[in-house]
Structures are given as C-alpha cells and as structure tokens.
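Have a look at the model first.

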Amino acid sequence: MGHKKSTVSSKRTSSKAGLPSDISFPLEIRLHGRGGQGGVTCAKLIAAIYAQLGLNVQTFGDYGAERSGAPVRAFTRVDPEPIKNRNKVYRPDHLLVLDAALLGPQVLDGVAAGAVILLNSAERAEKYVERFVDFRFGIIDATGIARKHGIGTSSVVIINTTLVGAYAKLLGLPLEVLEEAYRKMGLVDDLPAAKEAYLEVCVRQPAGAVTGEAVGGELENSLPPVKPQTEHAEDIPSRLKTGNWSTQLPGYEDYLAPCNHACPAGNDVVGFIQALKTSGPDAAAEVLLRTQALPSVCGRVCPAPCMHECNRIQMDGAVNIRSLERWISDHSEFLLQAEMADKVFSLAVVGGGPAGLSTAYQLALRGHQVTLFEKEAKLGGVLRYGIPVYRLPDEVLERDLKRILSLGIRSECEHPVDQAEMQRLHTEFDAVIVSKGFSDAYTLSAAGETLDGIEQGLDFLARNREAELKAELSGDVVVIGGGNTAIDCARSALRSGASSVKLVYRRSRDEMPAIDEEIEDAIREGVQLLALRQPVAFRGVGQVAGIVLAEVELGEPDADGRRRPLVTERTTELTCSKVLLALGQENELGLLPDAWQLRDARAWAAEEPLNIWFAGDCSTADGTVTHAIGNGRLTALAALASLSGAESTTTQLQQGSLVAPAQVRFSHFPILAPHQDRHKTLESYRNSFEEVNLGLSSQEEAERCFSCGRCTQCDTCLVYCPDGVISRTDSGYRIDEEYCKGCGICAAECPRRAMDLKDKGLSDAS
Amino acid sequence: MPVELISANHAAALAATLAGRANRTARGFCSGVYPITPSTECMEYLCGQEIEKGKVVRADSEHNAMGICIGASASGARSFTTTCSNGLAYMIENCVAAAGYRLPIVMSVANRTLGPPWNIWADHGDSLMMRDLGWLQLYSADNQEVFDTVLCAFKLAEDPRVMMPALTCMDGFILSHTMAQVEVPSQEQVDRFLPPTDIPQRLDKSAHTLGQMETPHQSVVHRMQHHQAMLTAQQVYAEIQDSFEEVFGRRPADPLVTYRAEDAETLIVSMGTLGVTAERVVDQLREQGQAVGSVRVRMFRPVLDGDLRKIFAGKKRIAVLDRDVSIGFGGVLWGEVRGFAEPATIVQNYMVGVGGGDVRPEHMLTLLAELEQSHESGAPQIVEVA
C-alpha cells in the first residue's frame, strides 16, 4: 500500500478579494444531510458563492439508490487553479451537518482538527463544545429559522438557503457577499432567513494548537483495498443485503378512519362495512353488535355524523353508512352470546330509553345480572314515544328490543323510580345506572301560550304513537322549532289530517339541527318552512287562532359558532288552529335524595362516591339517540371497572391518528355515485303512517367504502414494490427487512393509508 | 464570454439548444427524447427550452426517441438525443439504422453500467457497445469539454466529408451531475460556427428511399464509403478546432490529450475522467523523479492509430486503464490500442472503476508501483474499487 496519506496536493493560501485570509486551497467541503433536505442544493449554493468570488468550483452529490430520509452526501471543491480532482471528498476542510442525528464516525471520517464544522441543531452549543473542541464549530437552528420564514412547507422545511447564511458567518465572509450572491441567484426571498442565520449562528474557535490529525475514522478506513482479489473472489458475489441501506421501514398499521372517530356510539364503521363487503350481513352484525345495541333504530334515525366526516365526500359523495347499518340489521338474525363474567354483579338500570337499553345490553353482554326499570308500559322511551312510526315502525323497535332482552335482562315496566325507590335500589343492587333522559320540554314564554290548541310536540307525538289512536287534526298547524322533534311533529301533523303545516324556525335552514334528509323529506311531503321567524305572541279567545311572528336577522356567531338571531320589530300574523312546540327539553334530575350530589356523572354522599352512575341525556344532554347509546356503553364499562376495583380505561370512544382526505389516494378508486335510499312515494301522506324510507336496494354501497386506515389486502403494496420484497401471509403481508431499501413507494401507493414509514434510527455505531 | 455554473448534463443540452437554434434559417431542430438516469437532466433541460422552428418530442421509449431523430434528420432538421445504459441498449437497433442512413444525429451519453444486476453509476460499457456501428465517439473529462464537444460533434457529423452520427460521452454522475463553470458563447457566435445543416440525402428534395435492399457488392461499397468517411474525421476535426478557436477564442480539446508524455518511460492510457486523475498521478510521480506521462483518448472512433503509434513509440511500459470489461476478453480500450505499442513495450491492462467505483490517485499509484516490477505484459486485471 504505502500511499495511505494523500500527497497529491499541498494547500496554498490565497489573498483573493473578499475572502478571509485563513482559507487555504484547494478547499474541500463535505455536507451530510438526509434525502429531501436539499443538501445537494446547499452544496451548489456554496459553490455559487465561491464562483461569484472568481474562484473555480465543482460541486456534486453522492448519488445512491433512492430512499426516503436516507443519509445523503454532497461535495464542493474550490480552487483558484483549474480543478482536476474528480474524486469524492475524503478529507473535508469544511463539514456541514444538516441533521444532528447523523453525527457519527462516518460523518466525521477524515475531518482533521482545525477544520470548520457547522451543525444544524436547535440544541445549545454547550452540548457539543467538548466533542468539537479542536474545531471551529458553529451551531444554528436553521430548521427553526426557515420554518419561521415559511421556506418550504409546514411538513418539509427547506433549510439550505438559511444554513448558507450561517456558513458565510462562520467563514468570516462579509454580509454583502451573501446579499450579492442571493440577488444573483434569484433567492432574495430567502435572504431575510439567511441574514438571521448569519447573525444568530453561535461560533466557537478551536481550543488548542491545530495538529492536523483526523478525529474520525482513520483515513485508511475509507480507502478501499486496491489489490486484485481474484484469489478469494467467489464466482458469484455474496448477496448484498440491501436492507442495510434503509433508514426507514414501511409497515402496516391501523389508523383511525374519520367515520369511526365521528360515531357517537363508538361503532367500528370501517370494520362492519368491510365485513359486510367481504363476508356478508352476519359477519358485519358480529362487528356492529359489539358496540351497538340498537342497529335497526340507528340505521334509521341516526343523524350520522360519520357521513359528514366521510373522506369520500371529497371525491364523489359520502358512503351511505346509516343505510348500510340498516341493511345489516334488516338482513341478519345474528346474536352475540353473553360472556361468562369472573364475578357476576347485579345492576339496576333506571330508564328504558336508548341510553338505558345500551347500558343494560353492554352489562348483560359481559355476563352480569341486569334489571331494567321503566316508568311507561313498554320499553323504548323516546324511541317508542318520541319518534313517529313512519320513521321507526314498531316491529323494527321490537326486533332490537328482543335481541337486547334475549341476553337475560329482566325488565320491570310501569315502575317509576322516585327518591325512596332510588335509596332501595342503591342498597339492593351492586350498582345503579340512571338514564332517565330529558325531563320537561321548554316553553316559549310568549303571550297567549296557555290558549287551547297550543301543545308540546312530544306529547302530540306520544299520543300519536299510542296504540292505533292517531291524533286527529284539522286546519292550519304551526310547528315551532328546528330539530328532529319539530320535523317529526310537522310530518306527523300532515299525516294526522292537517290541511297545512308550517314550520317556524328562528335561524336559517342551514342552521337547523335536524337531519338534512328529514328536512328534505318534510318539504317534499308539503311542509312549508318559515325560517328566520320568532313567535312573539299568540292570538285567540280560548282557542288559538293566530300567531304573531317577528322577522329575525342573524348577528355575530355565538360561542357554538352559529350566528346569533336578532329579533326585529317587523312582524306578520298567521292564522292557525293548532300550534306544536318543539323547542327542546330541560335536564332536571330530581330523584336523588337531598344529601346526595351529582358530580362527574356519578352520585356522591359527602366525599364518598356511590355506586350510582348517570348515563345518556340526563347526564350529557347531547340530545341524539346515538350519543345516548355511546354514553350508555361507556358508563356501563366505567361502572364495571369501578366495581372490579380497576381504573376505567375506556374514557373515550376511539382514539388514534386520523386519516385525512389527502392521505387517501382517490385515483385508485373508480368514481361511483352513492346509492340512495329508496323512498315510497304516496299520493297523499294523510292518514298514512307507513315507513316511507325503504333503505338501500342492495349492499353494493359497501363497495364504496375506502376502508380508510385499514388494510384490505388489496395487493397494491405488493404490486408496486420495485424489489419484490413484499409477500402475502395468512393475515396480511410480510416485508423482507433484509432486502427492503426503504424507498417508501409501497406506503406512498397505499390507497387508504394503512401503511407508514418508520424511522429505523441511526446509531453512532453503524 | 459569460460563465454559467451548470452541470455537464445541462451543458450538453445547452450546446444542443444553441446548435438547434442555429439551424432556424434552414430545416430547424427536432429531437426525440426519453428519460433514464443519469441522462435525464439533459433531456429535461432540453424540454424546457424555447427553440425557434424546433420541437422536442417526449417519446414513449428510447427506441422511438431515436426513430424520431431519424425522421427529423432524414427531413433535414438538426437532431439530438440523450440516453445511456439499458436505454441505449434498447435504442441501439435504430442507432444502427441512423448510421446506415448516414444521418448526422448527435447523442449525449452519460455513461452508466449496464444491468442487471442494476447499477446506476459510471461505466463505459454502454457506449462501447456501439463501437462497430459507424458512429463517431468522443469522450469528455470536464463540463467545458462536454459543452464544446457537443458543438464540435454537430459540425463534425454534418461535414459533407463525414456525414454520420456522433456520440458524445461523459462519465455518469462523476461528470453528468457535477456543476462547474462553463463558458457559454452567444447565439450569434454559435450561428457563425455552425451554419445551417445540409443533409444531401434528405427526403424533402425528391421522392426516394433511404436504406433500400442492396446487393453484396453495393454493401461492400457502402461500407467502404462509410469507413473512409470516418477515417477523414480526424482531419476534419482539426479544421473544426481551428474554426472553433477563430469564433470563440478558445481551442477545444485535442482528439488525444497527451500530458507530459513525450519523455515518459511509463504511459497511462485512459478515457473520460480517469484521464484527469491520471494527470494528477503523473504530476505526483514526476515530483518524485519518475518519468510518467498520460494519454487521454477523447476520440475513440475513428481510432487514431497513427498518432497513438507515435506517442507509444519507445515507451517501456503502458498501463491501459479501462472503465469497462469486455467479458471473456479484457478492457475494450486495451484491446484497441495494445497493437499500436512496440513489441518491447510492456502493455498491461487494468480495469478500474468498473460499475462506478471512485478511482483515486492512490489506486493508480499502487497499480503503477506493481507495473514497475513487471518484466512482461500480464493478463488483463479487473481491479476492485469500491
């Protein structure tokens, strides 16, 4: 060997104008960064600055197989003489490190004491001072500065123009040289960031005498052997484990779909739709019934926040999730079997509405003894007495109730619970969960509100539902309110014989809390919508005959984001013979003994928590069936955890990293309009309480689900892998880590973000 | 002359652009291109240029890219393309046609290893595959040379005495992706250096067929004409150097670049950037009193046998460095030039930097130290350089 020390060039100093005197030539600069950081461009910028000073330059990157986040090197050589060196830089005079995580022997290889080192890091210089005591060392948070100046995007900050500012300062170049260079290169926009780096960079001079010895690996280590190796070369070269090249590895991971995240009941929406698609309604029901006690109900009356969040909205319309849930419940007889509990508790649930039913169902499913107390003659609460049968037929409700009760729940109807009874339940049962729903409905407090013919909408709906006794109406009916109850009242009034139905709402249609499709149905059936009107008085003698409406204007947004209604002086009068109020309900508990308080959805005596929990609207006032079901389940789990002496782990429904629309590759999916519900068109809705929404005609809609964040084994990753290192397994895929270069194509091509790249972590030892 | 800091790939494309514009008063410029690493930046740059009476067609394959160049050139346009490695291998069937039609198409190759197994780095094996097809071949060693060589190649290829396609080669990445200063002349200067092209066999003059079926005797005559025309290229190139110098005030590099060769006992023969590293080694060994020189072969086709014989005369040792392997034979350059050395000269072949290894002066010094001890020419050696 004998040539381990380079003797090819001896250094010369130059007195080039504008350059600090201690720069010697040929000057060799090496830069270490990661793929995508702009390291090669950074080396070019530096070359351009020296070129502007009239020096010969040469700059190039060290190109390898493309890998996301892979370590990248770039070189710049500077000399007043023509440059004949065509090799990579092995003994850099200046070393720039764009990512502190890269610092290791390989990065410092061949760097001699006295060299200039510039590090991009948000850390304080003190952290590195000892390590780089023999160097002129500069440290700058170029990433922070570039981000502050908005260079690049929020996720990919481009730091090269900023870092060069710090480099100029470290060298002692005057600021004017930098300004001139950026102007010439058309980079004036980045100049403020470069200037900030120029001023901010923290510089430490080398401590002792400069010895010129390399601190990194011995230079010889970087010099590969030269002699022919034919005597020990194999016929076929040994296998190259390209997995060693990678800095990142792809993997399969479940991410949270927006529908799952939005579901107030905590249903695994992606799970049940995919099960329906691949294995049919029974498999789907098995997924759905774990969280959902009332699928037939929710499949009809849920406001479906899942559909408002569906990523497919950005492409060709939300998946019709509500009707898929209905399809499953209408086409499967599947029953989940109750588990065996280690210790069986006896629990009382007060209130047979959606929250109570969900609570009882979840408790019974886990093998506990549940008794359900209901003050009315039948179970169902608002489902039975608040939602009209044309939306929720009796037999549908009965089907869900039958499934719930088949788990062995004892129900006691016509059993109201007052304070005394509450005391008794508390002593007799291991725990009591109260889910009595809302109490009294709100009134308007307008003049004339006590006239005959003015009635609470809920009372009207309850009477309407009761037996076959339809509430007969005639004449002009006015419904006041904008929620689902108001819509139900209006459509029921139409069916009960009203000659006209007007819906009065104080804000605009866009702000109505009712389900959109229900509003559309009501208008189609002939309900007239009077938005931006506030009733201020009722007219009539004994019996209501008219209503005075003030016009409303919308002001500044409220705390809830909706614009505040401002009642004006302009009024009009309508004649009417019936008014239904649907203004919402109060939340009043009133069944706790006076010594008990309610705190965090639980009853307390003095500072002692009692085994009494509250679930559903009486606790949360969320006001939808689906929220009540979800809260019922969570309360059941919290109660069981507390009884078993464990901390409840399920405080929220579903958590995780949410799949954004931009992470779904729309181009993978064919455009396919949503399958709409079939509607039965009647000549007249009068006196007909038949179900009008007939749901979907097939389960084909399930095909439209992107399955956001969950692998469907679509083989896209396998097809796109350029190295063929992905293979199928029984449950998914295997990635051969020995050969995966970490290029990231599989994760980029995954249509549904079921894959991600994870940093392997660079170790100093490598 | 304005100086620009550009990569060699861009230098080639810029030269082609200026040459293309220079033909605007005649039949214009048309180019078929298809990307492949490390030649992609060249075609990208070309696609971004506004060329009056010019069209750059993004083809669906290398084969069709050359097909477009053939069509363009056969109708009298100036034509240029770029590719390398397996892209060149795919293009090669049409390259044979371009040579047979005697069309003065210029192609820039950023030399890259042929796969599989896949490798994107520098190796001369791709352009050397074109050795016997009737294309001129020129190899460059820095960015300015790349720029100048492309301009000269158009003039050489289009000279009525030569009239055949030309390859201008540069080491992939080592040169193609290195940025350095390049003197760029004005369009007016290029117009003066490179007048409108006139392709005598072009199809728009009269209805006729190019490359039709012929008898054995006709083929002999055509081969002879093509061969003779290629042999005149050396003389024509010398004239081009003069005219280049007259217009641009700077002389383009010689077909053979000798360096301290005259009084040398030991000579290093190489092509491309290896030759520049060899010159550094020469300086170093001269300092130690050793009589070493270098020859860098820029013009590989036609082979410059007469000049090489003169340069090789009286040498003790010649080390031929090949960045290629002719499997079952040895280095291609070695095979070409070894016959021009005198019988007493030891000619040793080292295949170094095959597949893109970074050949450093230290490597060459070790090889020369070994050669110093030899008393006869040995078998070609493949040297492992990581």
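**Helix, sheet and chain contacts**

Just after H15(A), Gly367(A) takes a positive phi of about 90 degrees. This is a predicted model, where local features need pLDDT of at least 70, side-chain atom pairs count only at pLDDT 80 or more, and totals for chains, interfaces and linings use all residues. Residues are numbered from 1 along each chain as its sequence is written, with chains lettered from A and ligands numbered from 1 in the order in which they are written.

Q: What makes H15(A) largely enclosed by the rest of the structure?
A: Buried means 20 or more other C-beta atoms within 10 Å of a residue's own, with C-beta atoms placed from the backbone. In H15(A), 12 of the 12 residues pass, so the helix counts as largely enclosed. Among them are Pro354(A), Tyr361(A) and Leu365(A).

Q: What span is expected for H15(A), residues 354–365?
A: The rule is 1.5 Å times one less than the number of residues. H15(A) has 12 residues and reaches 16 Å from first C-alpha to last, close to the 16 Å expected.

Q: Why are S4(A) and S8(B) said to pair?
A: Pairing takes at least two bridges found by DSSP. Strand S4 of chain A (56–62) and S8(B) have two, in the antiparallel sense, so they pair. Thr59(A) stands opposite Met179(B) there.

Q: How many residues of chain B are in contact with chain A?
A: Contact needs C-beta atoms, placed from the backbone, within 7 Å. By that test, 27 residues of chain B are in contact with 26 of chain A.

Note on methods. Two residues are in contact if their C-beta atoms, placed from the backbone, lie within 7 Å. Helices (H or I, at least four residues) and strands (E, at least two) are DSSP runs, numbered from the N terminus.
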